[in-house]
Amino acid sequence: MSRAREILNEVFGYPDFRGQQEAIIEHVCAGGDAVVLMPTGGGKSLCYQIPSLVRDGTGIVVSPLIALMQDQVDGVREYGVRAAYLNSSLSREQQLDVERAYVAGQLDLLYVAPERLLTSGCLDLIARGKPALFAIDEAHCVSQWGHDFRPDYLGLHVLGERWPSVPRMALTATATTATHKEIRERLGLENAADFVSSFDRPNICYRIEPKKAIAKQLIDFIKGEHLGQAGIVYAISRAKTEQLAEALTEAGITALAYHAGMSSEDRRAVQQRFLREDGLVVVATIAFGMGIDKPDVRFVAHADLPKSVEGYYQETGRAGRDGEPAEAWMAYGLEDVVKQRMFIQSSDGSAHHKQQQSRLLDAMLALCETPNCRRVNLLAYFGESSAPCGNCDNCLTPPETWDATIPAQKLLSTVLRLARERGQAFGAGQIVDILRGKETEKVKRWHHETLSTFGIGADLSDSEWRSLARALLARQELSVGEHNAFNLGPNASPVLRGETQVMLRKDAGKKKARTTRTNAATHSSKPQPEPTGPEEELFQRLREWRAGVAKEKGIPAYMVFHDTTLRQFAHTRPRTETELAQISGVGGAKLQAYGQDVLAVLAES
Ligand code: ADP
Ligand code: ZN
């Protein structure tokens with residue numbers, strides 16, 4: 001057996017490598033450079049942790065997430081790995097201790113923020129000890145076009161120049177080819193081996209539904225399927241995160257807001273509670289989440305439309321890192337589309353930039369409107385082809401489609417007539433009133449009852465017209481201008497001429513019951529049993545025991561043992577340490593620290 005596999009079994013307590021882990025680890029152990037693209041939850045950490053243990057010296061991990069370094073270090077220390085970090089939160093004394101330990105060769109892993117690493121003091125420190133490898137985590141931060149750009153990352157190519165014989169790895173969960181290329185170029189990794197994994201997250205069920213009353217929909221979603229579970233809700237504005245957190249709290253769901261307007265202490269406190277408490281919901285702007293490696297986030301909900309599929313995939317990827325079933329849920333409506341289109345148009349960027357932003361949004365909207373498998377659509381966006389997944393709303397409850405060609409023509413010709421005959425443009429409300437033949441004040445004031453399209457759409461409801469408008473906006477058959485007024489979009493003409501058929505998904509009425517856990521393919525090698533009766537009770541008692549330990553040690557509960565491991569304890573009820581050690585997630589250090597306690601809890605039943 002190789003040394004790497006021994007460490008996997010004995011230190012981390014896992015029976016097998018996942019996906020490309022073994023190939024990556026072998027390559028780096030042998031001294032090669034690597035670029036690792038793996039989805040969130042794929043298991044990137046082991047890819048640098050194990051080579052750091054195998055190779056002589058200390059693995060230097062570059063991470064932009066200062067607020068999470070302490071947790072990262074606590075997490076690996078639980079496995080008995082000798083780890084420390086250097087960042088601005090340490091006192092002078094603490095820093096000197098860490099430096100001494102590094103130079104004396106007493107550390108397996110050293111986490112450093114890029115801005116610190118690049119100081120001459122820190123580079124000299126590294127030269128005084130022995131670096132086993134350099135792992136550049138969240139490597140997409142080097143991309144100037146990405147939303148996580150960190151200028152300091154651009155300086156990291158010096159590592160290769162100064163230590164040409166020390167292996168370097170860049171790791172990220174951002175998948176686009178453009179980012180991939182930038183990572184190779186800017187970090188001086190032109191000769192590195194590429195390890196690109198499938199970006200599929202089979203245990204995540206994707207669901208997208210029309211937005212009606214968002215707070216109520218969100219409460220129903222959480223209460224219906226995720227009560228007492230940890231989740232993240234993304235909303236577009238600070239005010240909205242606060243409103244939604246309040247609405248959830250009133251409905252009896254423990255929820256906290258998180259946004260850039262809060263002080264850094266307050267934000268840190270929310271993050272700490274999220275990591276440490278069971279079943280907390282955080283309602284956040286996109287600023288929350290990078291590097292949150294909490295494995296048991298059971299759902300990610302989007303209360304507003306994300307700007308791009310990349311963003312959506314990264315955010316939803318924070319659910320279910322433990323491989324257990326998780327859900328990505330989103331509600332979106334006409335206002336979202338109007339708002340985002342307007343936002344792009346009124347931004348300061350160049351025409352080229354606007355065009356780029358539009359293209360990103362178009363792909364996002366296509367995902368929302370598709371009647372076909374969501375996962376096939378998502379993976380295709382990242383250049384992977386796949387078959388219908390059986391674990392998304394469209395696969396589970398195929399939506400009906402309808403031929404909306406004639407209503408689409410009615411709507412578009414109303415917009416056209418207003419423009420041609422009156423030189424006017426109006427928003428959704430007025431257009432729908434005209435189509436439905438409503439003699440409102442506003443209709444009479446503008447004499448819109450005399451338009452030839454007045455009342456030609458009484459057969460559809462307000463909300464059906466609004467859904468249609470949303471779809472036409474998504475398809476660029478409509479566009480929005482000033483004051484959210486509709487104009488014909490670039491794709492309107494073929495529809496008006498009857499050359500394009502407009503087939504749309506019907507907005508689902510009642511959704512089907514949620515998928516059962518057995519539906520979802522998971523990463524786990526063994527199917528996870530659904531605990532019932534005494535087994536569930538035992539699982540709950542183990543969780544209580546774990547909560548006590550975590551509290552005492554001041555670490556998040558999942559660092560003691562994951563839920564999956566506790567569930568296995570409850571299911572197989574080991575009686576001896578040898579039996580306990582067979583279970584995935586029980587490495588040597590954890591066996592020693594907790595083995596007797598766990599056996600005692602199990603023996604009580
Ligand atoms: P990433 O950094 O790619 O998002 P992590 O390294 O945090 O993913 O790993 C995700 C989860 O999977 C962690 O809880 C980790 O302990 C677990 N894991 C990683 N590799 C394995 C493996 N070979 N067997 C079992 N669990 C694993
Ligand atoms: Zn599907």
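Okay, let's start with two helices: helix 18, residues 405-422, packs against helix 21 at an angle of about 80 degrees, and their axes are 11 Å apart. That makes helix 18 roughly perpendicular to helix 21, a label used for 65 to 115 degrees, while under 35 counts as roughly parallel, over 145 as roughly antiparallel and the rest as oblique.

Before going on, some ground rules. This is a predicted model, where local features need pLDDT of at least 70 and side-chain atom pairs count only at pLDDT 80 or more, while totals for chains, interfaces and linings use all residues. Residues are numbered from 1 along each chain as its sequence is written, chains are lettered from A and ligands numbered from 1 in the order written, and side-chain values use heavy atoms, leaving out hydrogens and water.

So who touches whom? On the helix 18 side we have P407, A408, K410, L411 and L412, and they meet W465, L468, A469 and L472 of helix 21; contact here means heavy atoms within 4.5 Å. By class, that's eight nonpolar residues, no polar ones and one charged.

Now helix 19, residues 428-436. Helix 19 packs with helix 21, residues 462-474, at about 125 degrees, with the axes 10 Å apart. The two are therefore oblique to each other. Helix 19 passes helix 21 in a right-handed crossing. Helix 19 brings A428, G429, V432, L435 and R436, and helix 21 brings D462, W465 and R466. Sorted by class, this contact has four nonpolar, one polar and three charged residues.

Next up, helix 15, residues 351-369. Its axis and the axis of helix 21 come within 9 Å and cross at roughly 140 degrees. Helix 15 and helix 21 are therefore oblique too, and their crossing is left-handed. Here D362, L365 and E369 of helix 15 meet R470, A471 and A474 of helix 21. That contact has three nonpolar, no polar and three charged residues.

Let's switch to the ligand. How many residues surround ligand 1? There are 15, and the closest are Y14, G41, S45, R321 and H562; to be near, a residue needs a heavy atom within 4 Å.

Let's look at some polar contacts, meaning pairs of N or O atoms within 3.5 Å. An N or O atom in the side chain of Y14 is 2.6 Å from an oxygen atom of ligand 1. For the side chain of R18, that distance to a ligand 1 oxygen is 3.1 Å. With G41, a backbone N or O atom lies 2.5 Å from an oxygen of ligand 1.

Technical notes. Axes fitted to C-alpha atoms, helices over the stretch in contact; angles between N-to-C directions. Helix = DSSP H or I, 4+ residues; strand = E, 2+ residues; numbered from the N terminus. Left-handed = near helix turned anticlockwise from the far one by under 90°. Nonpolar A, V, L, I, M, F, W, Y, C, P; charged D, E, K, R; others polar. Polar contact = N/O pair within 3.5 Å; in protein donor to acceptor, adjacent residues only side chain to side chain.
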